[in-house]
Amino acid sequence: MRSHSCYMLAYECFKATDDRKLDTESCVKIVLRNKNLGLDQYRFLLQTMVNSGLGEETYGPRNVLAGREETPTLMEAHEEMDEIMFGTLDNLFSKTDVSPSDIDILVVDVSLFSPSPSLTARIVNRYRMRDNIKSFSLSGMGCSASMVAIDLVQNLFKSYKNAFAVVVSSETIGPHWYCGKENSMMLSNCLFRSGGCSVLLTDKPCLKHKALMKLKHSVRTNIGSNDEAYGCCIQIEDQQGYNGFLLTRNLTKAAAKAFTMNLKVLVPKILPIRELIRFAVISICKTNNKTAKPSLNLKTRIQHFCIHPGGRAVIYGLGKSLGLNEYDMEPARMALHRFGNTSAGGLWYVLGYMEAKKRLKKDDKILMISLGAGFMCNNCVWEVMKDLGNGNVWEHCMDRYPIPRKNMINPFADKYSWINDERLNFVRMDLSNIILS
């Protein structure tokens, strides 16, 4: 009985048109339309944007850019998804010469938009796919949903052999733009941006020579049974009745716990025995020497670390815990700077950066790390099947990256740092007029 393999044949990331770019001036206009905000909120937003790690070329939803964030419509939500889903799928089918009628399994993961008919049904209708296609719509799983979808496909391949599968990962930003004034709920507006990715997978041995990568391991961890973890990243309504996404201080703690639990299962699958023994010895010594810090050297088996670009704190937090250097974290940092946090689609922009920089060589191993609402940590390991160097979604700007940390100066700091002037605490005036002038 042959083993069940999961090969990645291609992936296609979404790149919006230039008229959807959220530069400094566009962001300021959106902020000033919110009449619920005052000096304290302006200061919080300034600090958040300066420290966010996002650049001037991320993409926002059309309804928000047009000033309709308080009155989103169902049609606009569908249009936002259609642009991402159909744009990436058209390119995916075109580049691989795989017909939509060849697809056996379809999985769509979009956390905050679950219409009826489903998004999978919308894709089946658009491409006139077969009536026996196995379709799955995943919702509510946040930034880690793409890894859930990949794991689902891997398991489905055990039942449906010699099959093609497509995974579409994205998020609707426009209908869920927060219009209130709670700091912990405004964070999502500062970090989340429009994006997504479609991935073509197969278990067909005859297509192994065409594969970009092979899935080696996949581990999912869900600590939702813990109340703090469950509520640290949650969609709620504030006291004024505005819907939004709440990110609490417990998020860091929940992420660390879920990540640690996940690694306990994943690490023995990927590291050599000598590294596990070394770690065990250091751990024992720690009981007698409090200054000794046991750490696993994942680089003995992993060459590349594909970290979810959820924010600068997330990237550096995970990087520090894994003992990564600037080179290792560069792909996630640059993906965050160029495209922002695109939720479930974010990991694929990081992977695209690695490929565009020609980092990925045959037999290299890639650790994909994702964290999401629930609270969940879903990680997987890919093996590169051949040297890769496609410019993909990064092709238009690869010559500008990487940007050194010292040069990543956020324009908000230069233009609006005066908001922190303490003398403004004693002045009563309409700050929006000053900011716009």
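Start by selecting Ile 123, Leu 201, Trp 348, Leu 351, Trp 382 and Trp 394: within the largest nonpolar core, which has 118 residues, these touch the most other members. A nonpolar core here is a set of buried Ala, Val, Leu, Ile, Met, Phe, Trp, Tyr and Cys residues joined through side-chain atoms within 4.5 Å. Buried means under 20% relative accessible area, exposed means over 50%, and partly exposed is in between (1.4 Å probe, protein chains only). Now colour Ile 30, Tyr 42, Val 64 and Met 186, which are among the members of a second, separate core of 25 residues. In soluble globular proteins, nonpolar side chains tend to be buried together.

Before you go on, know that this is a predicted model, where local features need pLDDT of at least 70 and side-chain atom pairs count only at pLDDT 80 or more, while totals for chains, interfaces and linings use all residues. Residues are numbered from 1 along each chain as its sequence is written, and side-chain values use heavy atoms, with hydrogens and water left out.

**Stop 1: the sheet**

Switch to cartoon view. Helices (H or I, at least four residues) and strands (E, at least two) are DSSP runs, numbered from the N terminus. Look for an open sheet of 9 strands with mixed pairing, in the order E3-E2-E4-E5-E1-E6-E11-E10-E9. Two strands pair if DSSP finds at least two bridges between them. Which strands stand at the edges? They are E3 (134–138) and E9 (304–307); each has a single partner strand, so one side of each is left without a neighbour in the sheet. From one strand to the next, the twist averages 20 degrees. For angles, axes are lines fitted to C-alpha atoms (for helices, over the stretch in contact), and values run from 0 to 180 degrees between N-to-C directions.

Zoom in on E4 (residues 164–170) and E5, which run antiparallel and are joined by 7 bridges. Click Val 167, and you'll find its bridge partner in E5 is Val 199. Then show helix H4, which packs on the sheet: H4 touches E1, E2 (105–110), E4 and E5, and its direction makes about 40 degrees with that of E5. Contact means heavy atoms within 4.5 Å.

**Stop 2: Ser 198**

Stay in strand E5 (residues 196–202) and pick Ser 198. Is Ser 198 buried or exposed? Ser 198 counts as buried because its relative accessibility is 0%. The side chains of Ser 198 and Thr 88 are joined by a polar contact of 2.7 Å. That term means a pair of N or O atoms within 3.5 Å; within protein, one must be able to donate a hydrogen and the other to accept it, and residues adjacent in sequence count only if both atoms are side-chain atoms. Leaving out residues up to four places away in sequence, Ser 198 touches a set including Ala 10, Tyr 11, Met 85, Leu 92 and Val 168.

**Stop 3: salt bridges**

How many salt bridges does the structure hold? There are 20, each being a side-chain nitrogen of Lys or Arg within 4 Å of a carboxyl oxygen of Asp or Glu. Side chains of opposite charge can pair when their charged atoms come close.

Show Glu 83 and Arg 20, whose side chains meet in a salt bridge (3.1 Å, N to O). This pair links distant parts of the chain, 63 residues apart: Glu 83 is in helix H4 (residues 74–96), and Arg 20 is in the loop between strand E1 (7–13) and helix H1 (24–33). Glu 83 is partly exposed at 25% relative accessibility, whereas Arg 20 is buried at 1%.

Next up is Arg 33 with Glu 69, where the closest N and O atoms are 3.0 Å apart. Arg 33 lies in H1 and Glu 69 in the loop between H3 (62–65) and H4, so the pair ties together parts 36 residues apart in sequence.

Then try Arg 122 and Asp 82, which meet at 2.7 Å, N to O. Arg 122 sits in H5 (residues 119–127) and Asp 82 in H4, so this bridge ties together parts 40 residues apart in sequence. Finally, select Asp 18, Lys 21, Glu 57, Arg 338 and Arg 400 together: salt bridges that share partners join them into one network.

**Stop 4**

In H7 (residues 183–191), the buried residues include Met 185, Met 186 and Leu 191. The buried residues of H7 pack against H2 (39–51), E7 (233–237) and E8 (243–247).

End at Lys 361, in the loop between H13 (346–356) and E10 (365–372). Lys 361 is partly exposed, at 38% relative accessibility. Beyond residues up to four places away in sequence, Lys 361 touches Val 384, Lys 386 and Asp 387.
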